[in-house]
Amino acid sequence: MMSILQRLSKLPQNLYCFTNIQRYPKRNESFLSASRQSSLLKTIFKASLVGISIGFPVGIIITTGYSWYINKKAAKTYHLEGKEKKIKVLQEKPSVPVSREVVSPMDSTELKLTLFQYQTCPFCCKVRVFLDYYGISYDIVEVDPVLRKEISWSSYKKVPILLAQIDSGYQPLNDSSMIVSLLASYLKDRSQKINDLVEYYPSIAMHDENQKLKYEIMNKYFLMYKENLISDENINEVIEERKWRQWVDDEFVHTLSPNVYRTLSEAYKTFNWFSEVGKWEEYFPMWERLIIINIGAIAMWFISKRLKKRHNLKDDVRQSLYDEINKWLYAIKKHGGTFMGGKKPNLSDLAVYGILKSIEGCSAFKDALENTKLCTWYDAMTKEVETHSGSKYLMAK
């Protein structure tokens, strides 16, 4: 009995524990000894320290150098910060042939205007839609998008430029939103002169987030009233109109290029439509047209990819276009009228219509008509603009 107890005492106290099993490394596991592993870790650690010691200073040097270059470049223009750039009145009209004239029999404004433009530029379309809606006559100069010799007289190298004849010469007006606001202010109060209204829209120098000097036009979404102040009941409508006009420039227009140049094939179709509707064969020689269409299509196809990323559009850029259109249509529905302005278009209606007019012959526009409820509002706007519906409001004054 004692011999049995002695044998049992030599067994583990916990009879239910499992026996330890030796685990052998698999084929893909390391057979390195602990000392060799430690040595390898030290080598990796030292290499990392060397990499950091070299890469970190190099990174600092590159970053510092770039910042120094940007700041040095910006330093040359810091003295211009906050300065106003005056738009000089021209003593004589530039000797550039007029491409065509738009004559409206109901024009009662007595304005003499010349629009320097690209036919399918969204911002140029916006200005034309405003002029057509109110039945204002104007001349058009089609600008060569490659050489731009037609606007060589101007320090402002973009379009549209609207040249208005005044008592002392010819007043250039730049930026589509400023042009529309200034003309709308004039139409509401004819006692104000064009050259006086320009003073309310100063062009001020400022540096952007990349320290690049730009000139921003102040108050460009504001209408200037001399005596006819806005009533309290209309102030909300004015604010809403202003908000949507700014949305057009800041958000909506940025969905266009990535859509009309979505593929190389679409880019070529878009430029061929530009040539057709802009009547390039009448204004530019064949070699220029070939350069514009071929080089332009390829360039804009590449650029559209960057624009898609910059403006945070969806992978399917069509959906981004549809989303913005639906946002606009929902706001109109919420207001309860045919237009954002109610029974008649306001300046935001004209702005959105003008932007969409610029892509009317593109696949993106046709797709938008099929995939949104844009058609009802767009057709109503087309009727209002083509019949110069706004002219009746001018004659009532």
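Glu-360 counts as partly exposed, at 29% relative accessibility (buried means under 20% relative accessible area, exposed over 50%, partly exposed in between, with a 1.4 Å probe and protein chains only). This is a predicted model, so local features need pLDDT of at least 70 and side-chain atom pairs count only at pLDDT 80 or more, while totals for chains, interfaces and linings use all residues. Residues are numbered from 1 along each chain as its sequence is written, and side-chain values use heavy atoms, with hydrogens and water left out.

You'll find Glu-360 in the loop between helix 12 (347-357) and helix 13 (363-371). Helices (H or I, at least four residues) and strands (E, at least two) are DSSP runs, numbered from the N terminus. Leaving aside neighbours within four places in sequence, Glu-360 is in contact with Trp-273, Phe-365, Lys-366 and Tyr-378 (contact means heavy atoms within 4.5 Å). With Tyr-378 there is also a side-chain to side-chain polar contact of 2.8 Å. A polar contact here is a pair of N or O atoms within 3.5 Å; within protein, one must be able to donate a hydrogen and the other to accept it, and residues adjacent in sequence count only if both atoms are side-chain atoms. The C-alpha atom of Glu-360 is 9.2 Å from that of Thr-120, although the two residues are 240 apart along the chain.

## Helix 12

Of its 11 residues, 10 are buried, so helix 12 is largely enclosed by the rest of the structure. The buried set includes Asp-349 and Tyr-353, along with Leu-347, Leu-350, Val-352 and Ile-355.

Two strands pair if DSSP finds at least two bridges between them. Strands of a sheet pair through backbone hydrogen bonds, either parallel or antiparallel.

Strand 4 (residues 161-166) and strand 5 run antiparallel and are joined by six bridges. A hairpin takes the chain from strand 4 to strand 5 through two residues. Among the bridge partners, Ile-166 goes with Gly-169, and Gln-165 goes with Tyr-170.

## Ser-104

In the loop between strand 1 and strand 2 sits Ser-104, which is buried, with a relative accessible area of 7%. Its side chain reaches the backbone oxygen of Gly-135 at 2.9 Å. Beyond neighbours within four places in sequence, Ser-104 is in contact with Gly-135, Ile-136, Ser-137 and His-388.

## Salt bridges

Across the whole structure, a search finds 16 salt bridges, each one a side-chain nitrogen of Lys or Arg within 4 Å of a carboxyl oxygen of Asp or Glu. Take Arg-318 and Glu-266, whose closest N and O atoms are 2.7 Å apart. The pair links distant parts of the chain, with Arg-318 in helix 11 (residues 317-335) and Glu-266 in helix 8 (residues 264-277), 52 residues apart. Both count as buried: Arg-318 at 3% relative accessibility and Glu-266 at 10%. They also belong to a network of salt bridges that links Arg-262, Glu-266, Arg-318 and Asp-367.

Lys-243 and Glu-240 form a salt bridge too, with 3.4 Å between the closest N and O atoms. These two are three residues apart in helix 6 (residues 235-250), so about one helical turn separates them. Lys-243 is partly exposed at 44%, and Glu-240 is partly exposed at 22%. Then there's Glu-84, which is partly exposed with a relative accessible area of 39% and bridges to Lys-86 with closest N and O atoms 3.6 Å apart.
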